[in-house]
Amino acid sequence: MSTQKIKDEFRKAFGVTPKGIVAAPGRVNLIGEHTDYNDGFVLPIAIEQRTLAAWAPRDDGRVVFASLQQPNKCDEIDLCTAIETGQHAWGNYCRGVAAGLIENGIELAGCNILFDSNVPLNAGLSSSASLEVATGVALLAVCGSESSVKPHLLAKICQHAENTFAGAPCGIMDQSISVMGQANHALLLDCRSGQTRQIPFDAPNTVLLVVDTQVSHDIGDGGYPARRKQCEAAAEILGIPALRDATEEMIAQAVAASKISDLQMRRSRHVVTEIARTLAAADLLTFKADGYLQKFGELMYASHASLRDDFEVSCPELDTIVDLAIPRSGVFGARMTGGGFGGCAIVLVEENHAESVTQVISDGFKKQYHRRPPIFATHPAPGAMLIE
Ligand code: ADP
Ligand code: MG
């Protein structure tokens with residue numbers, strides 16, 4: 001994927017040279033899984049894989065969306081009429097963002113937009129948020145309003161687009177990191193207050209391996225909404241607004257009083273302990289005491305175990321990868337990342353061991369599943385930006 005390629009493809013599709021190109025990254029969450037909709041904390045990084053959007057104005061008040069990942073499935077809206085969902089699922093992410101910007105008082109202008117992305121689609125690396133944020137930044141660039149929507153609001157508009165137009169009940173994490181990511185930093189996001197803090201994630205000679213199980217995960221297939229409902233029900237029984245407010249003692253008391261089921265107890269325990277791990281992880285990265293990466297890695301393994309056993313959102317492929325990435329020379333930690341039921345695992349490794357660890361995981365996975373999972377190395381990358 002290159003800016004030259006998207007320029008060439010844009011000319012082929014629309015017969016003119018694009019006037020601007022913007023980019024928005026995908027993400028991996030270092031730790032803090034299934035905590036977002038419980039008002040908790042998450043700690044994602046933006047990754048080097050990103051979605052590019054090339055644009056040029058058109059003068060008929062229409063916005064045309066095309067994507068190299070969805071050939072022959074152009075989508076089009078008329079800015080003079082109310083925006084509704086359309087026939088192409090992918091176009092709804094873009095439609096939702098356009099509708100959200102208009103709702104927030106932005107006067108959009110007609111344009112052609114072409115997307116190209118090297119964030120793998122449907123792999124749990126948030127290609128959807130990168131598409132939404134690229135759409136938002138491009139639409140704002142077209143009408144010269146780049147600075148009129150603050151980062152937090154842009155993230156909210158994109159999340160709302162995904163919730164309402166694409167029908168995916170995601171939290172605010174993916175869009176926030178795609179907008180606000182910074183090179184060499186993770187973003188500690190308080191999903192209750194919306195407050196964010198940049199956390200240095202800049203240990204020299206370390207990389208994050210992303211291992212794609214290629215098991216299709218569908219955020220709308222029942223597992224994810226079911227977990228949300230179970231968490232809401234547990235919070236109600238505990239008499240608190242969200243599991244963010246729960247403590248382990250509170251859960252133990254509810255168990256002793258037979259007020260909470262075993263399943264609700266385990267779901268709650270995951271959320272409470274995962275929020276604690278996320279805050280501890282942010283502290284480790286901030287203060288960098290001796291051995292902090294080893295301790296960070298231990299939190300990653302503990303997070304995975306909790307997601308596997310208490311929250312039950314892992315799957316055999318993810319467990320295999322984490323089992324292969326046991327603490328060995330060069331490996332700090334590993335866990336599933338994203339909503340689960342497939343998607344990706346991440347492994348934090350020393351750079352000079354990345355190749356051998358990749359080989360071990362690839363071989364071990366192949367032995368079990370008779371195919372090799374795509375594995376790539378990434379570092380914390382910047383959030384959305386204008387490229388040209
Ligand atoms: P994830 O965000 O984990 O990749 P989602 O199911 O949330 O998975 O979003 C994937 C969907 O987003 C795709 O099926 C497609 O509809 C849309 N999408 C993402 N990136 C692009 C792109 N570059 N071009 C067209 N559609 C895209
Ligand atoms: Mg997504």
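Four strands make up an open sheet with antiparallel pairing, in the order 10-11-9-12. Strands (E, at least two residues) and helices (H or I, at least four) are DSSP runs numbered from the N terminus, and two strands pair if DSSP finds at least two bridges between them. The model is predicted: local features need pLDDT of at least 70, side-chain atom pairs count only at pLDDT 80 or more, and totals for chains, interfaces and linings use all residues. Residues are numbered from 1 along each chain as its sequence is written, and side-chain values use heavy atoms, without hydrogens and water.

- Seven bridges join strand 9 (residues 206-212) and strand 11 (residues 344-350) in the antiparallel sense.
- Leu 208 has Leu 348 of strand 11 as its bridge partner.
- Helix 9 packs on the sheet and touches strand 9, strand 10 and strand 11 (contact: heavy atoms within 4.5 Å).

Helix pair
- Helix 8 (residues 262-287) packs against helix 9 (residues 292-309) at about 165°, with the axes 10 Å apart (axes are lines fitted to C-alpha atoms, for helices over the stretch in contact; angles run from 0 to 180 degrees between N-to-C directions).
- Helix 8 is therefore roughly antiparallel to helix 9 (angles over 145 degrees).
- Contact residues include Arg 266 and Leu 285 of helix 8, and Tyr 292 and Asp 309 of helix 9.

Key. Chains lettered and ligands numbered in written order. Parallel < 35°, antiparallel > 145°, perpendicular 65-115°, else oblique.
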